[in-house]
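Me: I would like to learn how to read a fold from its contacts, its surface and its charged pairs. Can we go through one chain step by step?

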Amino acid sequence: MAIQIKSTTEIAKIRYASQCSAEILTMLNDVIKPGITTIELDTICHQHIVERGNIPACLNYHGFPKSICTSVNHVVCHGIPGSKKLKKGDIINVDITIKADGYHGDTSKMYFVGQPTPLAKRLVTVTQECLYQAIQIVKPGIRLGDIGFTIQRHAEKNHYSVVREYCGHGIGRLFHEPNSDILHYGRANTGSTLEEGMVFTIEPMINAGHHAIKLLSDGWTVVTKDRQLSAQWEHTILVTKTGYEILSLREEEKQGTFHSLLT
Ligand code: MF3
Ligand code: CO
Ligand code: CO
């Protein structure tokens, strides 16, 4: 079972769930500040999600204890919201997956807490460029290896490294569809060929130092082995007849720096 082809009805539902997730990421722009804890972010997001009658898909997913993932500084992914306060200079990824009417939408973005260091700013920017460059090549006929190759090339050109152990995934009724790994590294012209109607996430995790990671004893939190910074951005993508649609696109992206990439 590779990446499934979705019907128009299913796509509409994934688009809705993705947009609900995206709106919460936008809402957080004004919430993330020095002094706030990641538990508080979790509570705010949880409330927004359930108020709309939707389900936070991370909560109890294989035992995950909270509604969102919050990954600060050297945390690569799957950080568990906790009582530590964010401080000036931190970078944080918030990853939100909502289930609405039986279908999932999964997206994440990076935030700066106060002024970022030049390294943090560059890492976060290059990681977003990795995601956008990969999205831009999506169309029927390209192969999965082309996506991984594009991300790895841009990361390594900037002397960063690509995390190997976690990848994008087909998404729909299931949060993570089986056998649908979207690797963020690889060789061009290899792997399965994309077809119109496929829906999957691209979610590169890029490290400032070495790509090696370590899983903490809580069983979830993934950190860089060398304790250097890591960044991640994620979108849920539909393969259209001629290209792609970013189902989780935020308003700020339509107007922002990457406008030219999206036309
Ligand atoms: N949202 C993550 C992803 O992009 C998965 C989080 S699973 C959780 O695939 F259990 F940690 F929430
Ligand atoms: Co996610
Ligand atoms: Co995902």
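Me: Among contacts between residues at least 6 apart in sequence, what share joins residues at least 24 apart?

Reply: Contacts can be sorted by how far apart the two partners sit in sequence. In this predicted model, 71% of those contacts join residues at least 24 apart.

Me: What percentage of the residues count as buried?

Reply: Of the 263 residues, 54% count as buried. The chain exposes about 11500 Å², and carbon and sulfur atoms supply 53% of that area.

Me: How many salt bridges does the structure hold?

Reply: A salt bridge pairs a side-chain nitrogen of Lys or Arg with a carboxyl oxygen of Asp or Glu within 4 Å. The structure holds ten. One of them joins Arg15 and Glu245, at 2.8 Å from N to O. Arg15 lies in helix 1 and Glu245 in strand 13, so the pair ties together parts that are 230 residues apart in sequence.

Me: Is Asp90, the partner of Lys87 in a salt bridge, buried or exposed?

Reply: Under 20% relative accessible area counts as buried. Asp90 has 4% and is therefore buried, whereas Lys87, at 48%, is partly exposed. Their salt bridge spans 2.9 Å, N to O.

How values were computed:
Residues numbered from 1 in each chain as written. Chains lettered and ligands numbered in written order. Predicted model: local features only at pLDDT ≥ 70, side-chain atom pairs only at ≥ 80, totals over all residues. Heavy atoms only, no water. Buried < 20%, exposed > 50% of the residue type's maximum accessible area, 1.4 Å probe, protein only. Contact = heavy atoms within 4.5 Å. Areas by Shrake-Rupley, 256 points an atom, 1.4 Å probe, with all protein chains shown as cover. Helix = DSSP H or I, 4+ residues; strand = E, 2+ residues; numbered from the N terminus.
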